Amino acid sequence: MVRLFICAWLLATTKNTLTTAYTAKSKMADNNIKPSNRATQVESFKVMDVLRRANQLEAEGRTIYHCEVGQPESGAPKTVAQAAVTALTGDANQSRLGYTDAFGLVELREKIAAHYKEKYSLPADKEVGTDRIVVTTGSSGGFLLAFTACFDAGDVIAVASSGYPCYRNIGGALGLELANVPINEEFKLTANELRKEVDERKASGKKRISGVILSSPSNPTGAMLSVTELKDMCELCEKEGIRFLSDEIYHGISYDKEAATALSFSSTAIVINSFSKYYSMSGWRLGWMVLPPDLVDPINTLQQNMFINAPTISQTAAIQCWEPETIAELETHVAKYRKSREFILKQLDSISEIKSIAPADGGFYVYIDLGEELVCREKGLGSTEMCRMLLEEKGVIISGCDSIGIMWRWIRHLPTYFSE
């Protein structure tokens, strides 16, 4: 009893001493405790800002029509959802949801490898082994891993003038410099545009480009590189020593055009994909990368330290994604996207004030130019402000493209929720 009393007294005394010291130290250090410059200089992902406001309005009882976030209207396929239920509620052998290998479940990586062989008919020398596939925490986790493994602070990466804003934001957070490459009249960043930027930098003595990242089908324009354009991009990157990050997360969602993979033409490119779009698993936070051999060990190390592994429950469920029943269900989703896209394009064609619409070859989006007559940049009346007013006054939420590249007068409409 005496020893217990002494221990309790020592603990109380020590706690009081530490508390006093911590409080005094905190007061002295208050002026030095602040967010990092890195954190304060990164732009917010604007579409998530407007989604937050929409959720607030819904909580107040408003009806909101969502056409902003790039995700399917449907939930995960039935087979995927059932696999998750089984994993959560099954017997001990079915519900082991601990850590996986840092690169992910072998069975899932085998499915992904088979997918590339079957869908893209890769030749024998281009076939993908499971050792080169890493399952990631969404494509966002893939971007972070790829940028960290490929580039150092101060390196220059090229991005399309109208592209996914998180490329810029993640790159900026890591201290990368951005080369903003204008898209062409077909809303594409091709080897021609990149070559011009490379040559101009050489001529002016600017830093060389270390990497380029782009998506095809594109977010937000919906434009797709042709097979020849993708091949030319891969060849230019290998010739110039530029690491090509091919964002292929919208593969499977295209209209009358077939998407090609960079794996067909490059031995140094990184391919990034996701279960969020075609596979309708956006909230499950699951993606994958196919790596060139030289990046397998570095990304394994980074994955171990940054993420350990992608969510095990999501990996377990995603094994069902290539079952015939699952694919049949997913193809009905694409059929609905196609119908909705046709309806929206038809309606937009009847609005005389709209002068330009991107091709919408693939993905979820219709990319619309409001035109000089409908905006006033000097007064802050660009696409983002128009979208804010639409949300507040009409309960319709679409994305202004101030946050998607530099296309301040453009809006991105998500047509998956509309049909005749």
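**View 1. Cavities in the predicted model.** Four cavities of 30 Å³ or more are counted; a cavity is a set of points, on a 1 Å grid over the protein atoms alone, where a 1.4 Å probe fits but cannot get out. Grid points are joined across faces, edges and corners, and a volume is the space filled by probe spheres set on the points.

**View 2. Lining of the largest cavity.** The volume of the largest cavity is about 140 Å³. Its lining (residues with an atom within 4 Å of a point) comprises 20 residues, with Ala160, Leu189, Leu214, Ser215 and Ser218 nearest the centre. Strand E3 (156-160) and strand E5 (209-215) are the elements that each give two or more residues to this lining; strands are DSSP runs (E, at least two residues), numbered from the N terminus. E5 gives the most, with three residues.

**View 3. Residue classes around the largest cavity.** The lining of the largest cavity divides into 12 nonpolar, seven polar and one charged residue. Ala, Val, Leu, Ile, Met, Phe, Trp, Tyr, Cys and Pro count as nonpolar, Asp, Glu, Lys and Arg as charged, and the others, Gly among them, as polar.

**View 4. The second largest cavity.** About 80 Å³ of space lies in the second largest cavity. Of its 13 lining residues, Ser216, Leu230, Ser246, His251 and Ala260 are closest to the centre. E5 and strand E6 (243-247) each give two or more residues to this lining, and E6 gives the most, with three. By class, the lining has seven nonpolar, four polar and two charged residues.

**Notes.** Residues are numbered from 1 along each chain as its sequence is written, and side-chain values use heavy atoms, without hydrogens and water. Local features need pLDDT of at least 70 and side-chain atom pairs count only at pLDDT 80 or more, whereas totals for chains, interfaces and linings use all residues.

Methods
1 Å grid on protein atoms, 1.4 Å probe; cavity = no way out; pocket = protein on both sides within 12 Å on 5 of 7 lines; lining within 4 Å. Helix = DSSP H or I, 4+ residues; strand = E, 2+ residues; numbered from the N terminus.
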